[in-house]
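I opened this one to see how its pieces pack. My notes follow in the order I looked things up.

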Amino acid sequence: MRRRDVILAAGASALLPTSLPALADTTAGSVVGLVGGCTVTRGGSAVALKLGDPVAVSDAVDVPAGGKLKLRMSDGTILSLASGTHVTLATYQSDAAGHRQNVQLALGQGLLRAVVAPVEHPAMFEVSTAVGTAAVRSTDWFIEAKPGTAQVGVLSGSVELSSAATGRAVTIPARWGARVEAGRDPVEARVWAPQEFQAVISRTDVP
Amino acid sequence: MLLGLTVALGCTAPAMAYDASGDRLFPATVLLPQVAPGDEFYVNAATLPQSGPAARQSNFTATYQKTITDNLGIEIEETWTAVGQSGAGTNYGWQNLDGELKYLALNNTDHEFLLALGLDRETGGTGATRVGAFGSGATTPRAYFAKGLGDLDIGYLRPLAVEGYGGMQFADAAPRPDQTQGGLVLEYSIPYLESKVHSFDLPDWLRNVTPITEFTFTTPAGRSYGEGATALFGPGVSYAGEGWELAVEALVPATRATGTGIGVTAQLHFALDFLFADSMLGKPLFSTR
């Protein structure tokens, strides 16, 4: 991050409330890694995040330019958010033992890496974008949303990427990736080059 | 003349599979060798009427390809041939064992362009001369390319793609001739049309179809030892499932040395890197991924 960006980020954070509104029993996870002035919007209030802060269902999380954020969720899933990412934790349901039941994230823009904790029972983990939805069982994968398109890359496990417009879906196995564009079928999956994976890994790697 | 089909198909018949560059997938070709290395297995059957004492030749080919690194792979291929004799029985036997080392030299994803280099080696004396296998082997350096037209502003022609290769086969010993080899493929990808150009409300089965036409040829270079030039067209379709493809093409010979009537070929291809993505069957032996 350039020095000017650091100052702007720090300045913006200084204007934000320093404490989060009280949480109902909807805690979904917590911050375990942070770079830059990441914020969470809850109940209409934007608050600067810091290490250890909880995040909850319905929270909208923003990572500014130059920032990164890592969350450990209640089911053990790790979410790593790249610079310029906006994601809403629409649903994050776990049972009393912490086993995931139903997860739905809404990725407005940016890049997200999810190392999804395995579960022994049927459970849903979905990330939706404006143009399509990616659904997984247990896997290590990436999804990036840009205006008019979304792409998925899978390091392990498999992901099903479906088009919001046509409903058609492609299965993406490990080492493969695919894209979906607005109003169209998903592009056929293909093997991703190591450079393609390295690019998204470095953008989501939170020290 | 006896082995017009085998020679037209590069002696080891088809060597095919899908390749990808950017959002472009090139389906498994049937007559031409594939452009890039991959992890795949496929079987092919082809039959074509012949002139002379051999009334019909049929080939059954199995091919296994394995990536060593992300850009380097090997291929092993074996063909079993049946030659039906006019007024006589049928001769059966294996063609020579074939292998190829292939290196993907360039993958320009923005322009959907692949360039690869191959070195094919046919091991002489491993096949049966009664079905036309040569007693001597041959070595063939080749260059391959594939180009999708999706980066051009040509509207509904963007799903078009061309693939091709050229090579020079050097025989180990006479009386086998050296050969110039080559081929071209023209294809129109409906999956590409639906995902990159415009999503029409087509039936599900049609969304997975790619019409394809292939052309391959061989020409003796230098002394021919009685071998003629071969040329073969293969118009057909390829249907893509998840991890597999099925292609069927007509075989239309363009020279008498290739064949004397319309034949047919079918191929079933399995993408091992899709079906066994997490095992060594489906990924390079040495990879940074």
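I began with helix α2 of chain B, whose buried residues pack against β16 of chain A, and also against β2 (24–26), β12 (209–221) and β13 (230–240) of chain B. Helices (H or I, at least four residues) and strands (E, at least two) are DSSP runs, numbered from the N terminus. How many residues of α2 (residues 190–197) of chain B are buried? I got 7 of 8. I wrote down B:I190, B:P191, B:Y192, B:L193, B:E194, B:S195 and B:K196 as the buried ones. My cut-offs: a residue is buried if 20 or more other C-beta atoms lie within 10 Å of its own, exposed if 12 or fewer, and partly exposed in between, with C-beta atoms placed from the backbone.

Before going on, I noted that this is a predicted model, where local features need pLDDT of at least 70, side-chain atom pairs count only at pLDDT 80 or more, and totals for chains, interfaces and linings use all residues. Residues are numbered from 1 along each chain as its sequence is written, while chains are lettered from A and ligands numbered from 1 in the order in which they are written.

**Where the chains touch**

I looked up the contact next: 21 residues come from chain A and 18 residues from chain B. Two residues are in contact if their C-beta atoms, placed from the backbone, lie within 7 Å. On the chain A side, β16 (176–181), β17 (190–191) and α2 (194–204) each supply at least two residues. β16(A) gives the most, with 3 residues. I sorted that side into 10 nonpolar, 4 polar and 7 charged residues. Here Ala, Val, Leu, Ile, Met, Phe, Trp, Tyr, Cys and Pro count as nonpolar, Asp, Glu, Lys and Arg as charged, and the others, Gly among them, as polar.

**Core**

Which residues touch the most other members of the largest nonpolar core? I found A:L112, A:I143, A:V152 and A:I172, in a core of 81 residues. Such a core is a set of buried Ala, Val, Leu, Ile, Met, Phe, Trp, Tyr and Cys residues joined through C-beta atoms within 7 Å. Strand β9 (residues 100–115) of chain A gives the most to this core, with 6 residues. Leaving out residues up to four places away in sequence, A:L112 touches several others, including A:L79, A:V87 and A:F142.

I checked A:R175, in the loop between β15 (169–172) and β16 of chain A. Its phi is near 75°, a positive value in a residue other than glycine. Buried or exposed? A:R175 counts as buried because 25 C-beta neighbours lie inside 10 Å.

A:S58 also has a positive phi, about 80°, and is not a glycine. I found A:S58 in the loop between β4 (54–56) and β5 (60–62) of chain A. With 16 C-beta neighbours inside 10 Å, A:S58 counts as partly exposed.

B:P175 lies in the loop between β10 (160–171) and β11 (178–188) of chain B.

I noted ipTM 0.81 and pTM 0.85. For chain B the mean pLDDT (the predictor's confidence in each residue, from 0 to 100) is 91, and 93% of its residues reach 70 or more. Over residues 10–17 of chain B, though, pLDDT is below 50. Where pLDDT is low, the predicted coordinates should not be read in detail.
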